[in-house]
Structure formats: C-alpha cells, structure tokens
Amino acid sequence: MIFFCLMGVKMSFQSMQYKHFPALSHRDFRLFWTGQCVSLIGTWMQNIGQAWLVYQMTNSSFLLGLIITLQFTPVLLLSLPIGVIIDRYPKKKILFAVQFMMMMTSFTLAFLVFVGWVAYWNIAMLACLLGILNSIDMPVRQSFVVELATKEHLMNAVAMNSMIFNAARVIGPSIAGVVFGYFGAAICFFLNGLSFIPVLIGISKIEAKGLAIKREKGNLLPDIKEGIMYIIKNAEVKTTVLMVAFNNAIVMNFMIMIPVMAKTVFNGDSKLYGYLMAGLGIGAFAGALILAATSYKGLRRNTQMTAFIGVALFVLIEGFVRNYQLAFIFFIFAGFCMTTALSLSNTTLQLSSPDEMRGRIMSVYSLVVGGTAPIGSLYSGIMCENFGVSTTFVANGTVGLLVMVALIIYRQSLAKKQNSIGII
C-alpha cells in the first residue's frame with residue numbers, strides 16, 4: 001500500500017511538473033537539461049575565477065576587458081560560417097566534440113595555475129581558444145533545442161535553459177567566491193572541467209541526431225547571404241537582432257563592470273564580487289522561472305520591450321549607488337529584466353526561423369550575444385579606466401534607454417509598412 005501511495009505521489013508530481021514545464025516530458029531534453037544543470041555551475045565558477053585572477057594579476061580594467069575581448073572575438077568572426085555548417089551536419093556529433101574540448105581547456109588552465117606557470121599571455125591564449133569553441137557551441141545548442149523539445153514546447157525549453165543558466169549564475173559565483181578565497185583559482189577551473197562529464201554522458205544518450213539539411217556542400221557565401229537576407233526582410237526578426245546586439249555590446253557589460261565596482265567602489269574582494277554577481281543571477285533565475293511557468297501564454301512582445309528598457313534603467317541607477325546591499329538589490333532587478341528580454345528574443349528568432357535556416361539564424365543570435373562582447377568589453381574597459389565605473393554605468397544606462405525607445409519606434413514603423421498584425 002505504501003508503495004502504491006508513493007507511486008501516486010510521484011505520478012502526481014510528474015503530472016504537475018509536465019503541466020508547467022512540458023519540455024521535461026521529452027526524454028532527450030531531460031538528458032540535455034540535467035547535464036547542463038551541473039556544467040553551467042562550473043562554467044560560472046570559471047568565469048568568476050578567471051576575471052578575478054586577471055584583475056588581481058594586472059590591477060587593470062583595460063587588460064581584463066582585453067581578455068574578454070579575445071574570448072569573444074572568434075564568435076564575432078566565425079558565427080556566420082559556422083551557422084551554415086550547423087545546417088549541413090548532425091548537431092549531436094558537433095556538440096559532443098566541442099564540449100569535450102571545452103573540458104580540456106578548463107583542465108589545462110587549472111594545471112597552469114596549480115604548477116605556477118600561469119601568466120597573462122597563456123590565459124589570453126586559452127581565452128581565445130575557448131572563444132573559438134564557444135562560437136560553435138552557442139548556435140549548435142540553440143538550434144538543437146527545437147529537436148529535443150519540439151516547436152510546441154520550444155518557448156518552455158528556452159526559458160528552462162535560461163532558468164538553469166541563471167540559477168548557475170547565482171550558485172557559481174557564490175561557490176567561486178569562497179573557493180577562490182580559500183583554495184585558489186586552480187580549484188575553480190578544475191571543478192569546471194569535472195562538470196562537463198555529466199554533459200558528455202547526457203549527449204551520448206540523446207537519441208536525436210540533429211537534423212542535417214541535405215544541400216550541396218561547397219561555397220558558404222550564398223548560404224550566409226540567404227540567412228542574412230531573411231533577417232533583413234523580416235521586421236520582427238531584424239529589430240530583435242538589433243535590440244539584442246546593442247544591449248549586449250553596451251548595456252549588459254556586467255562581467256567587466258561588476259568586478260571593477262566591487263573593488264573600486266566598495267573596496268571589496270572576490271567574495272563581494274561573487275555576492276554582486278549572485279544578485280544578478282537571482283533576478284535572472286526568477287525571470288526565467290516565471291517565464292518558463294507561464295510559457296503557455298505564448299510570446300509577449302510588450303514584455304520583451306519593457307524588459308529591455310528595464311535593464312537600461314537599472315544599469316543607470318547602479319551608477320548612483322554607494323552601498324553594496326543596494327547594489328545587490330538593483331542587480332536583482334537588472335538580472336530579472338535581462339533574462340526576460342533575452343529569453344523572449346531567443347524564442348522569437350527560433351519560432352520565426354524555417355527549419356532549414358535555423359542554424360544560420362541562431363548563429364546570428366550567437367553573434368550578437370557573444371560577438372558584440374569584444375566591442376563592449378573594450379569600450380567598458382576604457383570607460384572604467386578613464387572615467388570610473390560609476391560614470392560608465394550612468395552613461396551605458398542613459399544611452400541604452402534612448403536607443404531602445406528609438407528601436408521600438410523603428411519596429412512599429414516597419415510593422416506598419418509590412419501590414420503586420422499586432423504591433424510589438
């Protein structure tokens with residue numbers, strides 16, 4: 001009797017779980033998602049550990065920005081041709097190979113720190129290599145999701161991926177701050193390497209192969225042009241890409257500005273840096289959780305626009321904050337708006353992409369999410385170096401508000417010209 005009661009409770013929980021999070025009803029998505037739950041915590045530990053290590057070694061926001069520029073420049077250069085390749089070859093094999101190589105870069109960096117051979121130049125080289133791998137990993141993961149969870153549950157799947165990414169943004173920095181402070185950077189990097197193991201196991205068990213579009217191999221340029229022209233001609237897709245590009249380049253430069261803020265405004269250490277990053281992650285996780293649980297409502301374009309404006313507003317406010325508890329609270333709001341805006345933008349692009357073009361469209365998304373980071377990192381690094389981090393927050397937030405209003409008006413005008421129904 002007890003056994004049957006427990007089974008009933010389990011089935012009721014699963015029914016409720018699948019009702020609100022239907023993407024989990026797909027075995028392949030569950031395998032992928034559970035592996036990412038572990039791996040992304042390790043990724044954020046490495047992000048925090050690397051940023052603090054570089055800033056500790058150089059005491060220069062410019063050199064920190066340069067490392068991030070090197071890490072994301074390959075995304076800027078390679079995303080478009082990689083999008084074509086993703087449409088031509090099975091995504092599962094590509095994803096497994098890339099995740100394995102990313103694991104090896106983490107172990108290499110851990111080894112260099114552990115034996116005392118770490119230096120700015122080899123961190124820069126590994127950051128560049130990781131950038132090349134990320135330029136492949138980001139679009140292949142994005143375009144593979146629809147095959148793991150189906151179009152019907154795509155928005156829920158995107159929101160759930162965002163949810164664990166931002167849960168990791170909370171947990172990873174918190175753990176990294178403690179681990180870095182007590183055990184050093186090498187352990188942060190080593191734990192990240194270990195975190196790839198569940199991902200590799202999950203990918204190997206996934207049944208979906210990642211559909212390869214049957215087309216002539218050879219010159220990539222016509223296929224790249226076809227994807228770009230599709231984006232230019234679709235008003236909603238084009239304005240979404242522009243909004244994501246601008247915000248990632250100028251407004252959302254948190255990886256540069258938060259460590260500088262922690263040290264120069266609040267005179268803090270790696271623990272305070274992790275604390276502030278955790279605030280950003282708490283808000284981002286809450287936004288993704290709410291979005292996942294309410295995905296049955298479909299796309300909400302007004303929410304997407306409001307969220308982009310909200311990010312700029314809270315970045316502007318951070319420039320006037322001189323208390324780290326208040327900074328923590330406003331980072332929660334900024335994180336909430338950020339993940340809401342990006343998740344809705346991701347879903348908009350995927351649902352607007354034909355199957356045979358999804359790899360290319362999502363490679364453009366990866367380009368504007370990661371490829372604009374070199375521009376933003378250099379810009380914010382130079383701004384912080386010359387004018388201070390608080391002034392940079394104010395400038396970025398102000399420009400962000402003005403540009404977002406302009407892009408919303410632009411979207412409305414394009415929608416009217418194309419006789420679209422339901423503006424924004």
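Me: In which loop does Asn267 lie?

Reply: The structure is a predicted model, in which local features need pLDDT of at least 70 and side-chain atom pairs count only at pLDDT 80 or more, while totals for chains, interfaces and linings use all residues. Residues are numbered from 1 along each chain as its sequence is written, and side-chain values use heavy atoms, with hydrogens and water left out. Helices (H or I, at least four residues) and strands (E, at least two) are DSSP runs that are numbered from the N terminus. On that numbering, Asn267 lies in the loop between helix 10 (254-265) and helix 11 (270-293).

Me: Is Asn267 buried or exposed?

Reply: A residue is buried under 20% relative accessible area, exposed over 50% and partly exposed in between, using a 1.4 Å probe and protein chains only. The relative accessibility of Asn267 is 68%, and therefore Asn267 counts as exposed.

Me: What is the phi of Asn59, which is not a glycine?

Reply: Asn59 belongs to the loop between helix 2 and helix 3 (61-88), and because its relative accessibility is 51%, Asn59 counts as exposed. Although Asn59 is not a glycine, its phi is positive, at about 55°.

Me: How many helices does the protein chain have?

Reply: The protein chain has 424 residues, of which 56% count as buried. Its secondary structure includes zero strands, and the number of helices comes to 16.

Me: At roughly what angle do the axes of helix 2 and helix 4 cross?

Reply: Two packed helices are described by the angle between their axes and the distance between the axes. Here an axis is a line fitted to C-alpha atoms, for helices over the stretch in contact, and angles run from 0 to 180 degrees between N-to-C directions. The axes of helix 2 and helix 4 (residues 91-114) come within 12 Å, and they cross at roughly 35°.

Me: Which residues of helix 4 make the contact with helix 2?

Reply: Contact means heavy atoms within 4.5 Å. From helix 2 the contact draws on Phe32, Gln46, Gln50 and Leu53, and from helix 4 it draws on Leu95, Ser106, Leu109 and Val113.

Me: Is Gln46 buried or exposed?

Reply: Gln46 is found in helix 2 (residues 27-58). Leaving aside residues up to four places away in sequence, Gln46 touches Ser106, Leu109, Leu130, Phe189 and Asn192. The relative accessibility of Gln46 is 6%, so Gln46 counts as buried.

Me: Which helix gives the largest share of the nonpolar patch?

Reply: Patches are made of residues with over 30% relative accessible area and no salt bridge, where like charges are joined within 9 Å and nonpolar side chains (Val, Leu, Ile, Met, Phe, Trp, Tyr) within 5 Å, and accessible areas come from the Shrake-Rupley method with a 1.4 Å probe, for residues counting only the protein chains shown as cover. A nonpolar surface patch of about 830 Å² is made by Val178, Tyr182, Phe183, Ile187, Phe190, Leu191, Leu194, Ile197 and Ile201. The elements that give two or more residues to the patch are helix 6 (154-183) and helix 7 (185-205). The largest share, six residues, comes from helix 7.

Note on methods:
Salt bridge = Lys/Arg side-chain N within 4 Å of Asp/Glu carboxyl O.
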